[in-house]
Amino acid sequence: MHPKIHAAANPSKPAVIMAGSGQVVTYAELDANSNRVAQLFRSLGLGHGDTIAMCMENRAEFFDLAWGAQRAGLVFVAISNRLTAPEIDYILQDSGSQALFTSNYLGDTLDQIETPVKRYIVGGERAGWTPLEGELAKMPADPVADERAGTDMLYSSGTTGRPKGVRLPLPEDTDVAAVNPLAMIAAGAFGFTGDSIYLSPAPLYHAAPLRWCMAVHRLGGTVVVMEKYDPEEALAAIQKYKITDSQWVPTHFVRMLKLPEEVRAKYDVSSLKCAVHAAAPCPVPVKEAMIAWWGPVLREY
């Protein structure tokens with residue numbers, strides 16, 4: 001249950017597809033990229049239990065970094081790209097992050113971050129930041145010698161004060177491919193399989209989108225990521241990629257239901273087998289309307 005297993009068995013299968021651009025990352029590429037990321041961490045002196053942070057928009061490199069940290073035994077923190085520099089500084093310091101990976105999506109906010117961490121820019125250049133691509137090109141694509149399972153550390157939104165991080169110990173089972181509870185839930189309760197084509201419409205810095213995408217990767221499915229949620233574009237992605245499984249929050253449903261009937265009717269959603277929803281209670285009329293439209297595929301947890 002790990003991308004490296006699927007890379008060996010089915011290297012050319014898409015692991016990630018960016019819905020808007022159509023960019024594809026195969027399992028072989030995800031395996032090699034994440035190995036190079038893990039090697040970079042070791043070159044920086046980062047070892048088991050050390051912490052790194054990621055703060056960027058939805059992009060394919062998010063998974064290279066997350067899986068690289070996971071297989072290097074690191075703790076990885078996903079920070080909202082909507083925060084101010086002082087808010088980002090707080091999370092960097094509170095989590096003990098030693099490196100930050102970001103992109104020019106944050107604009108001038110990057111110049112205001114004060115925490116003394118190692119700074120890497122993804123997909124571009126910026127004064128004071130090291131381009132990640134150039135550093136990864138120097139790294140071997142082999143697993144690090146002391147590969148072991150790492151874990152995430154995710155923060156609350158901070159609506160009632162400072163964001164609160166939940167720091168869990170590293171998994172007792174050091175095997176990066178050890179059984180993962182969320183992947184087992186996805187498979188057992190919701191029927192996800194290696195044939196799943198999973199649509200993720202939400203920001204990857206949130207807990208559920210990141211964890212569920214990684215669960216799909218453990219199962220060997222394909223993750224289709226929307227760069228930014230748009231209700232009609234979500235329907236277009238379902239039709240284009242023949243999405244079988246997905247995860248939503250009620251607001252996504254509300255916005256899709258507000259589309260004109262003729263727009264909703266344009267798109268074929270018959271490929272959907274499971275539409276998981278969570279994060280907030282779904283109003284009964286909304287859920288009934290979605291079931292009437294999509295069929296009995298909605299699953300709430």
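Two strands count as paired when DSSP finds at least two bridges between them. Strands β10 (residues 197-200) and β12 (residues 245-248) are joined by two bridges and run parallel. Tyr198 stands opposite Asp245 of β12. The model described here is predicted.

**Overall build**

The protein has 12 helices and 14 strands. Its radius of gyration is 19 Å, close to the 19 Å that the globule rule gives for 301 residues, so the protein is as compact as a globular protein of that length. The C-alpha trace spans about 55 × 45 × 35 Å along its principal axes.

Buried residues make up 54% of the 301 residues. Of the contacts with a separation of 6 or more, 71% are between residues 24 or more positions apart.

Strands β10 and β12 are part of an open sheet of seven strands. The strand order is β2-β1-β11-β10-β12-β13-β14, and the pairing is mixed. Strands β2 (24-26) and β14 (298-300) form the edges, and each pairs on one side only. From one strand to the next, the twist averages 20°. Helix α12 (residues 284-294) packs on this sheet. It touches β12, β13 (274-277) and β14, and its direction makes about 145° with that of β14.

**The sheet with β8 and β9**

Another open sheet of seven strands has the order β7-β6-β5-β3-β4-β8-β9. Its pairing is mixed as well. Strands β7 (130-131) and β9 (165-166) stand at the edges; each has a single partner strand, so one side of each is left without a neighbour in the sheet. Strand β8 (residues 151-155) pairs with β9 in the antiparallel sense, over two bridges. Within that pair, Leu154 stands opposite Val166 of β9.

Helix α4 (residues 85-95) packs on the sheet. Its contacts are with β3 (51-55), β4 (75-78), β5 (99-102) and β8. The direction of α4 makes about 135° with that of β8.

Leaving aside neighbours within four places in sequence, Thr151 is in contact with Leu74, Val75, Phe76, Leu168, Pro169, Leu170 and Pro171.

**Helix packing around α8**

Helix α8 (residues 207-219) packs with α7 (residues 181-188), and α3 (residues 61-71) also meets α8. The table gives the geometry of each pair.

| Helix pair | Axes come within | Crossing angle |
|---|---|---|
| α7 and α8 | 9 Å | roughly 75° |
| α3 and α8 | 12 Å | roughly 75° |

Angles of 65 to 115 degrees count as roughly perpendicular. Helix α7 is therefore roughly perpendicular to α8.

Which residues make the contact between α3 and α8? Phe62, Phe63, Ala66, Trp67 and Gln70 contribute from α3, and Leu210, Cys213, Met214, His217 and Arg218 from α8. At the other pair, Leu182, Ala183, Ala186 and Ala187 of α7 meet Arg211, Trp212, Ala215, Arg218 and Leu219 of α8. Arg218 of α8 takes part in both contacts.

Technical notes
Residues are numbered from 1 along each chain as its sequence is written. This is a predicted model: local features need pLDDT of at least 70, side-chain atom pairs count only at pLDDT 80 or more; totals for chains, interfaces and linings use all residues. Side-chain values use heavy atoms; hydrogens and water are left out. Helices (H or I, at least four residues) and strands (E, at least two) are DSSP runs, numbered from the N terminus. Contact means heavy atoms within 4.5 Å. Axes are lines fitted to C-alpha atoms, for helices over the stretch in contact, and angles run from 0 to 180 degrees between N-to-C directions. The radius of gyration is taken over C-alpha atoms; the globule rule is 2.2 Å times the number of residues to the power 0.38. Buried means under 20% relative accessible area, exposed over 50%, partly exposed in between (1.4 Å probe, protein chains only). Angles under 35 degrees count as roughly parallel, over 145 as roughly antiparallel, 65 to 115 as roughly perpendicular and the rest as oblique.
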